[in-house]
Amino acid sequence: MALRIANLLGPRLLNEPLVALTVSRSHDQFVRHRHTKHWNPKWKTLRRQKVMRVKLPNFQEKPEDLSEEEIRSRLKEQGILPPRPWNEKPFFLSCTGGIFEAYVPPEGDGKISPIQVQGAKQKLQYLEKKSRTMMAIRKIKSFEEEFDTATFCKEAEDIYVKMHDLMAKRDLENMTDYVTERAYPEVIHNIENKTIHWKLIKNIELPRVVHARCTDVITKENIFGQTTVRFHTQQMLAVYDRFGRLMHGSEIIAKDVLEYVVFERHLANLYGKWRVHGKIIPDWLPPKEPSLITYLKPAEETSTTETAVTKTSPDTEQEIPKESNT
Amino acid sequence: MTLFRTRPLLKLVSQYQSAVVLPAATKIHTSAFLQAWKPEDHEPQKFLEYNKKIYPPQSPDEAPRPAFVCHQRSNIKYSPWKMWYIACLVRGMTVDEAIKQLKFVLMKGAKDVRETIEEARDLAVKEHNVEFASNLWVAESFVGKGHVVKGIRRHGRARFGRVEYFHCHYFVRLEEGKPPKHYYQHHPKEPHQQLEDWLQQMRKRKITNSI
């Protein structure tokens, strides 16, 4: 046998040092020996036929991941016809999908005091040259006779405060009375798994209507009205996470907040209500307070590696009031 | 005789129907009635309810409450009794250590356990305000019995036996912070603690009917 091995290895024996032909014991643990194989394969077929083959359902797959062809083939296997889709559910459009012809807040708004010349000019310019806004307000008055910007500002403030109170109380049932369906998911996302303590301390400047527009949806008579109200207020906000730890803001420090909140009402509907529809966040506002904890910046599409941990805040959440320094 | 699998198909069939039960309608019936129309949704739900509990805000002088996240994977095709060994291995480890160890466990269930722990870690960072993904440890790790499919097999002399195909649910709870030194209560004690216990026992002795 030694001669046979020597023949197999050939002339290499002469050149390379002799390799140990015994298997080292240390590698045994990485080799697995199966114990489920019978020593005599002659009766394998018969042994296999003894066990009834059962098709197990795959619990890890979800119906959403299956393609249509896959579903069709499975229904065909079982001999079931696909069900007839009954798409006759009626739906009612109670709000528009976005903010049309959004207001562009002038830069430096809220920084100049109204006592100075520039500030006074700004104040006058608010509703003077805005012809389209005036036309829209006239249109709103045609539906709502007693519509007045002054009284509306007060109502808007009440709705704004009520919305935040409901957010703090996590009252989802009554939320739709003060928030449109378009803003609802954003509001819910912001209060998910959190405790919010919010308080409006005072109005630094009285709320005023800065913008108004009306559009019709599908038919010419189905009109929605949107108004943008400028709020310059002092607010207290403290956000706690699910475990009661402070996540954002503070209980004792009040912040000055400048906001442009869009309210919408379904004018053609007799029972339409003015509700919060969205917020306009201009680019020139100072950045939000950084979050109390660090987090990983999301990887950019060009690079595959994640960038280093930064202390800047994540994407702005829409309904939580932003703090600005004025 | 072909086994007619209508129940799994109801799940597929529901995808064709875009008409969904209206929210108002679900308020009429209790969950027991609804479950009858969704036979496949027999996944355990009580463990995940812990994730929904919101704790009241803490005062600044209180010690911060450690964050936790509960996660599960249902109906893994593996025996629950075999899965128990893997669940026990992971208890009390940090998540990084647990994932590292599970990569080298030569059992089928280890893959599912590892994926569940990774998912739980991502959930903790995303939804439960956990700052560092590595600052988590496995607080609870256990197994439950899932779906069982029965089959038959023939033995010698026309005797028949039952073949059971087991599924299991794996539950894991990750908590923020450093893991404790000993996970179980009955751990071997430190020498000084043993000495104190012995001294206490000795001093507790009483001579009966003495003053």
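Author: Start with the salt bridge between the side chains of B:Glu176 and A:Arg245, at 2.8 Å from N to O; the term asks for a side-chain nitrogen of Lys or Arg within 4 Å of a carboxyl oxygen of Asp or Glu. By that rule, the interface of chain B and chain A has one salt bridge. This is a predicted model, so local features need pLDDT of at least 70 and side-chain atom pairs pLDDT 80 or more, while totals for chains, interfaces and linings use all residues. Residues are numbered from 1 along each chain as its sequence is written, chains are lettered from A in the order written, and side-chain values use heavy atoms, without hydrogens and water.

On the side of chain B that touches chain A, helix H1 (7-16) and strands E1 (68-76), E2 (136-154) and E3 (160-176) each supply at least two residues (helices are DSSP runs of H or I with at least four residues, strands runs of E with at least two). That side splits into 22 nonpolar, 14 polar and 12 charged residues. In all, 48 residues from chain B and 41 residues from chain A take part in the contact, meaning heavy atoms within 4.5 Å.

As for the cysteines, there are zero disulfides over all chains, a disulfide being two cysteine sulfur atoms within 2.5 Å. The sulfur of B:Cys70 lies 18 Å from its closest cysteine sulfur, in B:Cys168, too far for a bond. For B:Cys168, the closest one is in B:Cys88, at 13 Å, again too far. B:Cys168 is buried at 0% relative accessibility (buried is under 20% relative accessible area, with a 1.4 Å probe and protein chains only), and B:Cys70 is buried at 1%.

How values were computed. Nonpolar A, V, L, I, M, F, W, Y, C, P; charged D, E, K, R; others polar. Buried < 20%, exposed > 50% of the residue type's maximum accessible area, 1.4 Å probe, protein only.
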